[in-house]
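Please keep the sequence and the model in view while going through the numbered points.

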Amino acid sequence: MANFHRNNVENVVLGHHRSKSTSVAGGHFRLWHSLSTTSFRRLVFNAVSCGASSRYAERSDTSSERHYHQPKQQHRHKTKPNNAKSEKLSDLLNLAEVEADAETKKKEDKLEELKSLVKELHKEDEEEKEEESMTRRREAASKVRLLAKEDLEVRGTLAMLGAIPPLAAMLDESKNDVDSLVASLYALLNLGIGNDANKAAIVKVGSVEKMLKLIESPDGLDSSVSEAIVANFLGLSALDSNKPIIGSSASISFLVRTLQSLDDKSSPQAKQDALRALYNLSIYPANVAFVLETTLVLFLVNSIGDMEVTERALAILSNLVSTREGRKAISAVQDSIPILVDVLNWTDSPECQEKASYILMVMAHRSYGDKQAMIEAGIASSLLELSLLGTTLAQKRASRILEILRVDKGKQISGSYGLGAAVSAPISGSSSAKPDDGGRECFDEEEDMMSEEKKAVKQLVQQSLQNNMRKIVKRANLPHDIVPSDHFKSLTSSSTSKSLPF
């Protein structure tokens, strides 16, 4: 339509311009004149109509463009949920960033607080009165004690900021202030919990020597300070590198004195801490000599039976028995072997049975005199019962002790009756020579004594089995007339030592 409009207008214009040249384009001139008024109006109307059609076409194009853009708008509407998710993710990231900034700010504030706290521990102003300075430092030490009690990270941070040296210095500068001593001691204790580097640093600044000076004070030592020092020795002795340093000092004798001086009014925790500290120190072999210089072994053996300390006491004795001097010290205590043998019957305390069987096993393996004392104390029945009813570890140790005692019993028999000499002596004369009457009588006498010894061993085994059966039946709440029965006696009468679970 637009082309039609342009062509018609062009014809009109061209006809109008070419009307001036009559000589060249006469035909066109005639066409111009041949058009009537009605035809001209129609031509103009068509031209105008074409223009309107063009405008209509533009409107159509515009509407089509609208229809074309409508799917895009719908697509945009469809992408709105994705945009919402992106906005939500952005909000979460911003929130995480804000929280991270807040956490960083919190840590910075915490660090500044710890720095100021460590600064309060130092003695800075010389013009400040001694009493005011000590009060300030005591309060700072109490804060360190509370902060380091639960937070492992705070312990490391305070140590890096230099809190350990001023706390150790307070042990020298506040000898007459019990509260300050207790605050500094427990602050050092909490700083060393679960942190080996702090334990080593506390010993390195001379804290052990300062604590021993407090112990040796002529004015005496308050019980709360004594308990705090014991707790520090326990914590510091857990580190292997600290064991020789603490053991070579006077700390072991102090711990033994503290353990022996504790009465019913004392804290049960102090007694347990002292025992555990001594156990840690006795692990190091070089410290055994320092332990034996005290009366600890006597105290430990005599304490067996007190269920609060028996297990710890047996644990320390288990460390001491590994050395020759330790075994001698244990054997030297009166009735030590019967006391240890009696522990084997404590069925309600398997841990004590295991430790006591270990001590007896080592002593039976190393000392002939201790074996005799064990046999006299009636260890056979206890070992047989333990080998049947004890824990796996206790059963193994009981079987080992029984084997040691059996081998030693065989050596005694061969040594008493000269069997070794008879077997190893060379045979004189020819093989066809007959022994004289004296030799035959001697041989018959030895055979009779051997049979009697076998009978004695056999009888011992039978008695042990019967005693064990009585105990088992008693624990099973069976009628007492079951044991001993004739059937059981007939079974045990045919038993030999080879049938025992060695």
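Predicted model: local features only at pLDDT ≥ 70, side-chain atom pairs only at ≥ 80, totals over all residues.

1. The side chains of Lys243 and Asp240 meet in a salt bridge, with N and O 2.9 Å apart. The term salt bridge denotes a side-chain nitrogen of Lys or Arg within 4 Å of a carboxyl oxygen of Asp or Glu. Lys243 is buried, at a relative accessible area of 5%, whereas Asp240 is exposed, at 56%. Here buried means under 20% relative accessible area, exposed means over 50%, and partly exposed lies in between, with a 1.4 Å probe and protein chains only.

2. Residues are numbered from 1 along each chain as its sequence is written, and side-chain values use heavy atoms, leaving out hydrogens and water.

3. The overall composition comes next. The chain contains 26 helices and 0 strands; these are DSSP runs numbered from the N terminus, helices being H or I of at least four residues and strands E of at least two. Of the 502 residues in the chain, 34% are buried. The chain exposes about 30,500 Å², of which carbon and sulfur atoms supply 53%; accessible areas come from the Shrake-Rupley method with a 1.4 Å probe, and for residues only the protein chains shown count as cover. Among contacts between residues at least 6 apart in sequence, 69% join residues at least 24 apart, a contact being heavy atoms within 4.5 Å.

4. How many salt bridges are counted by this rule? The count comes to 9. One of them joins Asp172 and Lys210, whose closest N and O atoms are 2.6 Å apart. This pair links distant parts of the chain, since Asp172 is in helix 7 (residues 164–173) and Lys210 is in helix 10 (residues 207–215), 38 residues apart. Asp172 counts as partly exposed at 28% relative accessibility, and Lys210 counts as buried at 17%.

5. A further salt bridge lies within a single helix. Glu403 and Arg400 have their closest N and O atoms 3.6 Å apart, and both residues lie in helix 23 (residues 392–416), 3 residues apart, about one turn of the helix. Glu403 is partly exposed at 30%, as is Arg400 at 34%. In general, side chains of opposite charge can pair when their charged atoms come close.

6. Leaving aside residues up to four places away in sequence, Ile379 touches Val341, Leu344, Leu360, Met374, Ile401 and Leu405.

7. Why is helix 17 (residues 310–320) described as largely enclosed by the rest of the structure? The reason is that 9 of its 11 residues are buried; among them are Leu314, Ile316 and Leu317. The buried residues of helix 17 pack against several helices, including helix 14 (268–283), helix 18 (324–332) and helix 20 (350–366).

8. The model has 1 aromatic pair. The rings of Phe233 and Phe254 have their centres 6.1 Å apart and their planes at 75°, so the pair is edge-to-face. Rings of Phe, Tyr and Trp (its six-membered ring) pair if their centres lie within 6.5 Å; planes under 30 degrees apart count as stacked, over 60 as edge-to-face, and the rest as tilted. Phe233 is in helix 11 (residues 223–237) and Phe254 is in helix 13 (residues 251–261), so the pair ties together parts that are 21 residues apart in sequence. Both Phe233 and Phe254 are buried.

9. Two individual positions may also be inspected. Asp335, in the loop between helix 18 and helix 19, has a positive phi of about 60° although it is not a glycine. Asp335 counts as partly exposed at 46% relative accessibility. Leu93, by contrast, is exposed at 54% and is placed in helix 4 (residues 80–121).
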